[in-house]
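Here's a quick briefing for anyone meeting this structure for the first time. Have a look at the sequence and the model, then read on.

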Amino acid sequence: MKPGSRAVFGIRSDQSLRKMPFTQYEFSVRSADEIKECMALNGFYDVESAYFDEGSVLLGEMELPMDSIIIKGIV
């Protein structure tokens with residue numbers, strides 16, 4: 001990335017991911033704080049995040065919480 005470029009990532013929260021059925025199969029879950037720290041350690045600055053609650057969805061008989069976290073940083 002060129003200096004001054006912005007990276008933007010959209011993820012689900014670690015709490016939401018841990019409740020999803022596929023994460024039992026060696027799926028790596030990281031918190032937003034871990035991702036932000038990793039970005040900062042790798043040259044990003046002004047690293048910020050915003051949380052959005054999207055309610056829940058039904059998957060068969062399972063109710064899953066849905067949310068989004070948008071993480072952005074400048075390199």
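Is F22 buried, exposed or partly exposed? With a relative accessible area of 38%, F22 is partly exposed; here buried means under 20% relative accessible area, exposed over 50%, and partly exposed in between, using a 1.4 Å probe and protein chains only. Keep in mind that this is a predicted model, where local features need pLDDT of at least 70 and side-chain atom pairs count only at pLDDT 80 or more, while totals for chains, interfaces and linings use all residues. Residues are numbered from 1 along each chain as its sequence is written, and side-chain values use heavy atoms, with hydrogens and water left out.

**Overall layout**

- You'll find two helices and three strands in the protein, both kinds being DSSP runs numbered from the N terminus (helices H or I, at least four residues; strands E, at least two).
- Starting at the N terminus, the order of the elements is β-α-α-β-β.
- The protein is more spread out than a compact globule, because its radius of gyration of 15 Å is well over the 11 Å that the globule rule gives for 75 residues. That radius is taken over C-alpha atoms, and the rule is 2.2 Å times the number of residues to the power 0.38.
- The C-alpha trace spans about 50 × 25 × 15 Å along its principal axes.

**Surface and contacts**

- Of the 75 residues in the protein, 27% are buried.
- The accessible surface comes to about 5500 Å², and carbon and sulfur atoms account for 53% of that (Shrake-Rupley method, 1.4 Å probe).
- Take the contacts (heavy atoms within 4.5 Å) between residues at least 6 apart in sequence: 62% of them join residues at least 24 apart.

**The aromatic pair**

- There is one aromatic pair in the count, where rings of Phe, Tyr and Trp (its six-membered ring) pair if their centres lie within 6.5 Å.
- The ring centres of F22 and F27 are 5.0 Å apart with planes at 75°, so this pair is edge-to-face; planes under 30 degrees apart count as stacked, over 60 as edge-to-face and the rest as tilted.
- F27 is partly exposed, with a relative accessible area of 40%.

**A look at F9**

- F9 sits in strand β1, which covers residues 6-11.
- Its relative accessible area is 40%, so F9 is partly exposed.
- Setting aside neighbours within four places in sequence, F9 touches M39, I69, I70 and I71.
- F9 and L41 are 32 residues apart along the chain, and 17 Å separates their C-alpha atoms.
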